[in-house]
Amino acid sequence: GIMMVASCMLFGCQKEQVFPQSANNTILSISLAYAKDPLKIYPPIANDLVKGELQFKIPPLQNASFSLMRVNIVVPTSAIIIPAFRGNTDLSKPYRFSVIAENGDKKDYLIVVYN
């Protein structure tokens, strides 16, 4: 139909995918919460995105520890997080994860939490 002709004129009718795969492996937003108090969220106090280090200063919570934390994270729609954050995460020591863009570009991140 007419649409095919128009797209051939615009894109030159290559066989490859017209839209290149996204290379976006950045974190759009991230915050942490204690599993025991999930509504009180803490944004990073520092993020060195060149090194990929995200620092969180979180006050102690009675009967709670950094070993049971909720990670609220948003990445681009086409990107994936390895390992995925499901349920609670042990952040009592520095925690490494990667964000992999649609095109396979991988960026490593490190979460560091302290009081």
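Which residues does leucine 32 touch, not counting residues up to four places away in sequence? Keep that question in mind while we walk through the model; point 3 has the reply.

1. **Ground rules.** This is a predicted model, in which local features need pLDDT of at least 70, side-chain atom pairs count only at pLDDT 80 or more, and totals for chains, interfaces and linings use all residues. Residues are numbered from 1 along each chain as its sequence is written, and side-chain values use heavy atoms, with hydrogens and water left out.

2. **The overall layout.** You will find 1 helix and 7 strands in the protein chain; these are DSSP runs numbered from the N terminus, with helices (H or I) of at least four residues and strands (E) of at least two. Starting at the N terminus, the order is α-β-β-β-β-β-β-β. Of the 115 residues, 30% are buried; buried means under 20% relative accessible area, exposed means over 50%, and partly exposed lies in between (1.4 Å probe, protein chains only). The accessible surface is about 7700 Å², and carbon and sulfur atoms account for 59% of that (Shrake-Rupley method, 1.4 Å probe; for residues, only the protein chains shown count as cover).

3. **Leucine 32 and the core.** Here is the reply: leucine 32 touches Lys40, Ile41, Tyr42, Phe56, Ile58, Met69, Arg70, Val71, Asn72, Leu91, Ile111 and Val113, where contact means heavy atoms within 4.5 Å. The largest nonpolar core has 23 residues, and those touching the most other members are Ile30, Leu32, Ile58, Ile73, Phe97 and Ile111. Two or more residues of this core come from each of strand E1 (29-34), strand E3 (53-57), strand E4 (69-74), E6 and strand E7 (106-114). A nonpolar core is a set of buried Ala, Val, Leu, Ile, Met, Phe, Trp, Tyr and Cys residues joined through side-chain atoms within 4.5 Å.

4. **Contacts across the sequence.** Take the contacts between residues at least 6 apart in sequence: 58% of them join residues at least 24 apart.

5. **Two residues in one loop.** Serine 92 sits in the loop between strand E5 (80-82) and strand E6 (95-100), and threonine 89 is in the loop between E5 and E6 too. Is each of them buried or exposed? Serine 92 counts as partly exposed because its relative accessibility is 49%, while threonine 89 counts as buried because its value is 6%. Leaving aside neighbours up to four places away, serine 92 touches Phe66 and Ser67. Threonine 89, with neighbours within four places left aside, is in contact with Phe66, Ser67, Leu68, Met69, Val71 and Tyr95.

6. **Aspartate 90 and its partners.** The side chains of aspartate 90 and serine 92 are joined by a polar contact of 2.5 Å. A polar contact is a pair of N or O atoms within 3.5 Å; within protein, one must be able to donate a hydrogen and the other to accept it, and residues adjacent in sequence count only if both atoms are side-chain atoms. Aspartate 90 also forms a salt bridge with lysine 93, with the closest N and O atoms 3.9 Å apart.

7. **Salt bridges.** The structure holds 3 salt bridges (a side-chain nitrogen of Lys or Arg within 4 Å of a carboxyl oxygen of Asp or Glu). Among them, aspartate 108 pairs with lysine 106 at 3.7 Å between the closest N and O atoms.
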